[in-house]
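Visitor: Please take a close look at one part of this model, namely a helix and the charged contacts around it. A connected account would be welcome.

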Amino acid sequence: MTRAALLRVWVRFCAIEAPTLALLILCYAAWGLGTIWVAQLWLPLGMVLVVLSTALHSSLSHEALHGHPTHVPWLDTALVFPALSVVVPYLRFRDTHLAHHRDAILTDPYDDPESNYLDPAVWVRQPHWFRFLLSVNNRLAGRLVLGPLLGTIAFVRSDLMLAMRGDRAVIRGWLWHIPALGLVLWWMLAVAQMPLWAWGLSVYLALSILKIRTFLEHQAHVRARGRTVVIEDRGPLALLFLNNNLHVVHHMHPRVAWYRLPALYFNNRIRYLSRNDGYVYHSYGQIFARYFWRAKDPVPHPLWSKP
């Protein structure tokens, strides 16, 4: 290997983000311990480890699709390859999330893949029982209980329709999901000591926790700049979400690593709150107190004209 090639390898190695890589190792270690020895020692504690590590793995997958920790796309993908969250293929998560990062279409019921709003014309055509279900899901308590199920059904249904139309990116995403999920299933069936029912419940609870993050991170607003939230929380949920609660900062600087976001925000707080028209909450505790039993927004997009 020439000196120039060695230098390029060294530069690439030095660019690896050690905090993210260390967190990935910790995440897999916690998941493995939770499914084997801790599950044998005391099942509830093993389930707690699996819940937290599965939720953290989803946050780390989000980092990977934005180029962390190595800035080498295939390597970042490989580092989060096992489908710990089961229901979301990584390549589909990557494609839909990057599409979501076009701020001009945020909250659009059709163009934003992560929008929680419906077109009012679609809403009025739904049966009463389904509208009731979606209204319950629009409260934080309902989102925690029903969110993972309803979100998965909607996601799979949408991708199935795209696949039936011949969308190769969707088909490829699900085909790659087979070995990613197969690796996890092999571990659970051949190595782990945790009952499958306990593992399935742990995965559901992890997805439920992730619904806290997505519950109100975007709102309907006439200007795109005012649609993205800041939650100034510095507690356990902020760590589990890898500071993605400072969501407007992430949208403005999607290539910045998770551990740099707090300093970036708190050193320029006025700028960011001016940017998002003051869409801010002080903590997740404030959100639970305000919206656990009541909806923040309607399901039909409030800025779209009613039919």
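Guide: A salt bridge is a side-chain nitrogen of Lys or Arg within 4 Å of a carboxyl oxygen of Asp or Glu. By that criterion, the side chains of Asp159 and Arg92 meet in a salt bridge, at 2.7 Å from N to O. Asp159 belongs to helix α9 and Arg92 to helix α6, so the pair ties together parts that are 67 residues apart in sequence. Helices here are DSSP runs of H or I with at least four residues, numbered from the N terminus.

The model is predicted: local features need pLDDT of at least 70, and side-chain atom pairs count only at pLDDT 80 or more, whereas totals for chains, interfaces and linings use all residues. Residues are numbered from 1 along each chain as its sequence is written, and side-chain values use heavy atoms, with hydrogens and water left out.

Both partners are buried (under 20% relative accessible area, with a 1.4 Å probe and protein chains only; over 50% is exposed, and partly exposed lies in between). The relative accessible area of Asp159 is 3%, and that of Arg92 is 7%.

Helix α6 spans residues 90–100, and its buried residues are Tyr90, Leu91, Arg92, Phe93, Thr96, His97 and His100. Their cover includes α4 (43–65), α5 (73–79), α9 (140–164), α10 (168–191) and α13 (247–252), where contact means heavy atoms within 4.5 Å.

The structure holds eight salt bridges. Another of them joins Lys296 and Asp297, with the closest N and O atoms 3.3 Å apart. Returning to Arg92, salt bridges that share partners join Arg92, Arg94, Asp95 and Asp159 into one network.

Methods:
Helices (H or I, at least four residues) and strands (E, at least two) are DSSP runs, numbered from the N terminus.
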